[in-house]
Amino acid sequence: MKLPTISLFAAILSTFTLKGGEHWSDSYLDAKRMASSESKDLLIEFTGSDWCPPCIELSKKVLSTEIFEKATSPHFVFLRLDFPNDKSTLTKEVMLQNKKLRQNYGPTGFPTLVLAESNGTPYASITGYNGQNPEDYVEEIDKLRKVKEARDKKLASSKSLKGVEKSKMLISALEAMDLDLGNQCLAYFYEDILSEIAASDPKEGAIYTARIYSSKVHSEFMAKVDELKDDPASVRELAVSILATDQLVGIDKQKVISITALIDIEAGNLERAEKALNEARNVDPNGEFVRYIEQIADSIKKRAPDGSEQPAESR
C-alpha cells in the first residue's frame with residue numbers, strides 16, 4: 001500500500017484543527033501551513049461571535065453559505081480569530097494567539113476580513129458588513145485579490161530604481177494595497193521594504209518609516225497598558241520610558257503623553273499634568289488629537305487645587 005505524501009498527510013492532519021467552523025481553522029500556524037502546502041492565500045476573519053451583530057450577520061448570511069465556500073475555497077484557507085465575551089469557548093492558547101494577531105494586524109473594527117499571503121502578509125482587507133449577499137461579497141473579494149498583483153508590479157519596478165525614486169515607488173507599492181488596518185501591520189509584515197525606503201531616501205523616506213514604526217511601538221505599549229491597567233503608577237513609568245526612546249512621533253506620541261497627564265490628574269499632580277499636556281500640544285499643534293488634549297485640559301479646570309473633583313456649584 002502506498003503511503004500518503006507529506007503534503008497530503010499535513011492536509012489530513014490539519015482538518016483536526018478546524019474548530020472555528022466546518023471550513024474555518026482557529027490555528028494561525030496550521031492555517032499558514034495548509035495555505036503554503038496548497039498554494040493558497042489566507043482569508044482571516046476578526047470577529048466577536050457572541051456580541052457583534054454585524055459579525056453574526058456576516059457569518060450567517062455570507063461566510064457559512066455554500067456559495068461563498070465554493071467560490072473562495074479554491075483561493076483561500078480560512079482562519080477565524082474570535083474575540084467572544086464568553087471566553088470559555090476558546091482555549092488559553094487560542095486566546096493568546098488571537099490577542100497577539102489583533103495587535104499585529106490592527107483591525108480598526110469588527111468584523112474585519114484580511115486577505116493575506118500564505119505566510120500571513122496582508123495585502124487587502126474589508127471592515128464591517130453592509131448586508132451584501134454572498135454573490136456580491138465574493139465579487140468584492142475577487143476585486144481585492146487583484147490588489148496583490150498591483151502591489152507586486154510596483155515592487156518589481158522599484159528594483160531598477162535608486163535613491164528617492166526607488167523610495168517613492170516602494171511607498172507607492174505599499175499604498176496600492178487596500179488595507180483598512182493599523183499602520184503597525186506594515187511594521188510587522190513589511191519590515192524589509194520599510195528598511196529599503198528609509199535607506200533609499202534618508203529624508204522623506206525616513207520620515208515615512210518613522211511614522212509606521214511609531215504605530216508599532218504604540219500598539220505594543222497599549223497591549224502592556226491593558227495588562228497593567230490596575231497599576232497606574234506602572235503604566236506611567238512605562239509611558240515615560242517609551243517616550244525617552246524617541247520612537248514615537250505625531251499622534252502616537254501625543255496619545256502616550258496624554259496618558260501620563262491623565263494619571264497625574266487622578267493622582268492630584270495637576271501641575272505635572274498641565275506640563276505634559278503642553279508637551280503633547282507642541283508635538284503637532286494643528287493635529288486632530290489636539291481637541292482631545294483640550295478636553296483633558298478642561299477637566300483640570302474642574303479640579304480643586306488638591307486634584308479632587310470640585311462640586312458643580314463651586315465652579
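1. A word on the ground rules. Residues are numbered from 1 along each chain as its sequence is written, and side-chain values use heavy atoms, leaving out hydrogens and water. Because the model is predicted, local features need pLDDT of at least 70 and side-chain atom pairs count only at pLDDT 80 or more, while totals for chains, interfaces and linings use all residues.

2. Start with helix α7 (residues 163-175) and helix α9 (residues 191-200), whose axes come within 8 Å and cross at roughly 150 degrees. Helices here are DSSP runs (H or I, at least four residues), numbered from the N terminus; axes are lines fitted to C-alpha atoms over the stretch in contact, with angles from 0 to 180 degrees between N-to-C directions. The pair is therefore roughly antiparallel, a term used for angles over 145 degrees. The crossing of α7 and α9 is left-handed, meaning that the near helix is turned anticlockwise from the far one by less than a right angle.

3. Which residues of α7 and α9 make the contact? From α7 come Gly163, Val164, Lys166, Ser167, Leu170, Ile171 and Leu174, and from α9 come Ile193, Leu194, Glu196, Ile197 and Ser200. Contact means heavy atoms within 4.5 Å. By class, this contact has seven nonpolar, three polar and two charged residues. For these classes, Ala, Val, Leu, Ile, Met, Phe, Trp, Tyr, Cys and Pro are nonpolar, Asp, Glu, Lys and Arg are charged, and the others, Gly among them, are polar.

4. Helix α9 also packs with α10, at an angle of about 145 degrees and with the axes 7 Å apart. Glu191, Leu194, Ser195, Ile197 and Ala198 of α9 meet Gly205, Ala206, Tyr208, Thr209, Ile212 and Tyr213 of α10. Seven of these residues are nonpolar, three polar and one charged.

5. Threonine 209 is worth a look in α10 (residues 204-227). Is threonine 209 buried or exposed? Its relative accessibility is 6%, so threonine 209 counts as buried (under 20% relative accessible area; exposed is over 50% and partly exposed in between, with a 1.4 Å probe and protein chains only). Leaving aside neighbours within four places in sequence, threonine 209 is in contact with Leu194, Ile197 and Ala198. Its side chain also reaches the backbone oxygen of alanine 206 at 3.0 Å.

6. Now turn to helix α2 (residues 28-38), where glutamate 38 is found. Glutamate 38 is partly exposed, at 31% relative accessible area, and its side chain is joined to that of lysine 40 by a polar contact of 3.1 Å. A polar contact is a pair of N or O atoms within 3.5 Å; within protein, one must be able to donate a hydrogen and the other to accept it, and residues adjacent in sequence count only if both atoms are side-chain atoms.

7. Beyond residues up to four places away in sequence, lysine 32 touches Leu42, Ser118, Asn119 and Gly120. Aspartate 30, also in α2, is buried at 17% relative accessibility, and its side chain makes a polar contact of 2.8 Å with the side chain of arginine 33.

8. Finally, helix α13 (residues 270-283) and helix α14 (residues 290-301) pack at about 160 degrees, with axes 10 Å apart. That makes α13 roughly antiparallel to α14, and their crossing is left-handed.

Technical notes. Helices (H or I, at least four residues) and strands (E, at least two) are DSSP runs, numbered from the N terminus. Angles under 35 degrees count as roughly parallel, over 145 as roughly antiparallel, 65 to 115 as roughly perpendicular and the rest as oblique.
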